[in-house]
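This briefing covers the ligand site, the salt bridges and selected surface features. Please read it alongside the sequence and the model.

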Amino acid sequence: MSNIIVLGAQWGDEGKGKVVDLFSSHFDIVARYQGGHNAGHTVYIGEKKYVLKLIPSGILRSGIQAVIGNGVVVDPAALLEEMNTLEQAGIPVRENLFVSSRAHVIFPFHRLVEKMSEARENRIPIGTTSRGIGPAYEDKIGRRGIRIADLLDAEGFRLLYDTLAEDKRMLAATFNIADTIDYADIRDQYEQFAARIAPMVCDTARLLNDAILQGKRVLFEGAQGTMLDIDHGTYPFVTSSSAAAGGACTGTGVPPTRIDGIIGVSKAYITRVGSGPFPSEIMGEAGERIRKAGNEYGAVTGRPRRCGWFDVPLLRYTASVNGFDSLIITKLDVLDELDEIPVCISYRIDGKDTGDMPATFRGMQAIKPVFQSLPGWKTSTRGISNYDALPAAARRYLEFLEQRTSVEVGCVSTGPERTETMVRSGSKLEKLFGS
Ligand code: IMP
């Protein structure tokens with residue numbers, strides 16, 4: 001019985017939503033382990049488009065339980081809104097969704113603090129999604145945060161909330177910031193939210209571990225991507241959670257000994273939203289062409305995504321910190337029209353070639369990418385459902401990535417539909433998913 005982590009190998013938006021939705025039929029439970037409603041997973045089923053932000057994509061499959069783990073930060077207003085939208089589309093959410101009692105709560109003042117901090121003079125902005133994610137994690141690590149369990153405990157909540165509010169007021173006074181927040185109003189609002197989310201709240205670590213002991217299979221769904229991980233990403237241009245594979249254990253309470261496989265999801269090229277280093281970024285018109293062909297606009301914020309060529313050193317780095325067993329390459333079809341496709345094969349820093357990822361942001365910014373171009377296939381790959389039926393040049397491209405990254409390409413996707421995906425027969429991925 002396999003418990004698998006599926007996560008982004010780049011800067012997020014790799015197409016995990018589709019992948020998780022597709023493979024979730026092989027699992028009993030899909031669990032999110034970090035992030036919040038900053039994530040945007042787009043899933044197409046027939047004519048319908050679903051954008052999931054906080055709720056795991058597994059919710060779209062009937063009979064599958066979805067878990068929001070303790071490592072996630074939850075904005076109850078966003079959760080209730082997303083539940084409503086899904087329920088209006090006929091998806092039964094309440095019966096299948098479980099929210100960790102140990103997950104932390106996002107409050108409206110977290111968003112305000114973030115906006116202020118991003119807009120501050122002389123600050124290099126991160127280009128966040130402005131959902132209050134970072135400040136909520138700050139309160140968690142600063143041991144001031146409020147967890148869902150405490151939100152549900154009326155007396156405990158008042159005590160903790162009033163202390164947190166006092167903390168915010170003191171900070172505003174110290175820094176001479178006009179504080180117009182109506183803390184009492186927020187408290188009343190959250191007391192109402194508590195009643196509405198209470199039926200879904202439980203000890204999800206226990207739920208997951210019991211399920212695993214009973215032989216049920218869990219798919220751990222990463223949000224964002226490894227290069228946005230708070231420790232392993234392009235710090236400080238990262239999100240505030242542990243998006244890499246290790247986060248699946250701390251963010252759910254399932255021990256590492258229960259994990260059977262780790263799958264990385266990567267586009268056939270690469271994108272990034274927000275600021276920060278991006279060695280293989282394609283500037284100008286060529287970048288715009290990929291953006292248009294791939295419809296590269298943020299699912300949550302609608303911001304245009306920056307586009308770049310596949311980056312081998314980056315993928316080798318994320319494969320190493322995550323221990324990928326297999327790679328899923330998405331959006332191969334976006335490259336269908338190109339005469340040739342450059343791939344970044346190494347980094348040149350201060351005149352020296354390296355495959356290593358620098359730790360400083362200035363080091364990352366100093367990277368001059370070294371490219372090797374591969375021939376394009378100049379024919380549509382849409383609708384192809386068998387790896388061997390791909391054009392020879394497309395297979396050569398994928399096999400080049402495989403060789404250079406030392407990770408097998410176990411699955412390829414050539415369109416947004418569930419059906420536009422091919423699992424390579426004999427791959428490790430096929431064995432792990434049991435498909
Ligand atoms: P935050 O997560 O809102 O704090 O934003 C921090 C950085 O992560 C910014 O560069 C965001 O654009 C990026 N980010 C957050 N969530 C996602 C996502 O789901 N996909 C891609 N980038 C994301």
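Helices (H or I, at least four residues) and strands (E, at least two) are DSSP runs, numbered from the N terminus. On that scheme, E296 sits in the loop between α10 (284–293) and β13 (306–308). This is a predicted model: local features need pLDDT of at least 70, side-chain atom pairs count only at pLDDT 80 or more, and totals for chains, interfaces and linings use all residues. Residues are numbered from 1 along each chain as its sequence is written, and side-chain values use heavy atoms, with hydrogens and water left out.

**Ligand site**

- The ligand has 16 residues around it, and D13, N38, T129, T239 and R303 come nearest. A residue is near a molecule or strand if one of its heavy atoms lies within 4 Å of it.
- The shell holds 6 nonpolar, 8 polar and 2 charged residues. Here Ala, Val, Leu, Ile, Met, Phe, Trp, Tyr, Cys and Pro count as nonpolar, Asp, Glu, Lys and Arg as charged, and the others, Gly among them, as polar.
- D13 places a polar side-chain atom 3.0 Å from a nitrogen atom of the ligand.
- Q224 also has a polar side-chain atom by a ligand nitrogen atom, at 3.2 Å.
- In the side chain of N38, an N or O atom is 2.8 Å from an oxygen atom of the ligand.
- On its own, the ligand has 470 Å² of accessible area, and the protein covers 97% of this. Accessible areas come from the Shrake-Rupley method with a 1.4 Å probe; for residues, only the protein chains shown count as cover.

**E296 and its partners**

- E296 is buried, at 0% relative accessibility. The classes are buried under 20% relative accessible area, exposed over 50%, and partly exposed in between (1.4 Å probe, protein chains only).
- The side chains of E296 and Y269 are joined by a polar contact of 2.5 Å. A polar contact is a pair of N or O atoms within 3.5 Å; within protein, one must be able to donate a hydrogen and the other to accept it, and residues adjacent in sequence count only if both atoms are side-chain atoms.
- A polar contact of 2.7 Å links the side chains of E296 and R305.
- G15 is 281 residues from E296 in sequence, yet their C-alpha atoms are 11 Å apart in space.
- A network of salt bridges links D13, K267, E296, R305 and K331.

**Salt bridges**

- Side chains of opposite charge can pair when their charged atoms come close.
- The structure holds 28 salt bridges. Each is a side-chain nitrogen of Lys or Arg within 4 Å of a carboxyl oxygen of Asp or Glu.
- R94 and E87 pair through their side chains at 3.0 Å, N to O. R94 is partly exposed at 41% relative accessible area, and E87 is partly exposed at 25%.
- D203 and R102 form a salt bridge, with the closest N and O atoms 3.6 Å apart. D203 is in the loop between β9 (201–202) and α8 (204–213) and R102 in the loop between β7 (97–100) and β8 (104–105), so the pair ties together parts that are 101 residues apart in sequence.
- D203 is partly exposed at 31% relative accessibility, and R102 is partly exposed at 40%.
- E288 and K292 meet in a salt bridge at 3.9 Å, N to O. Both lie in helix α10, 4 residues apart, about one turn of the helix.
- E288 is partly exposed at 29% relative accessible area, whereas K292 is exposed at 60%.

**Surface features**

- M116, L171, F175 and I177 make up a nonpolar surface patch with about 380 Å² of accessible area together. Patches are made of residues with over 30% relative accessible area and no salt bridge: like charges are joined within 9 Å, nonpolar side chains (Val, Leu, Ile, Met, Phe, Trp, Tyr) within 5 Å.
- M116 belongs to helix α3 (residues 108–119). Its relative accessible area is 43%, which is partly exposed.
- P199 is in the loop between α7 (183–197) and β9. P199 is exposed, with 70% relative accessible area.
- P199 and F98 are 101 residues apart in sequence and 8.6 Å apart in space, C-alpha to C-alpha.
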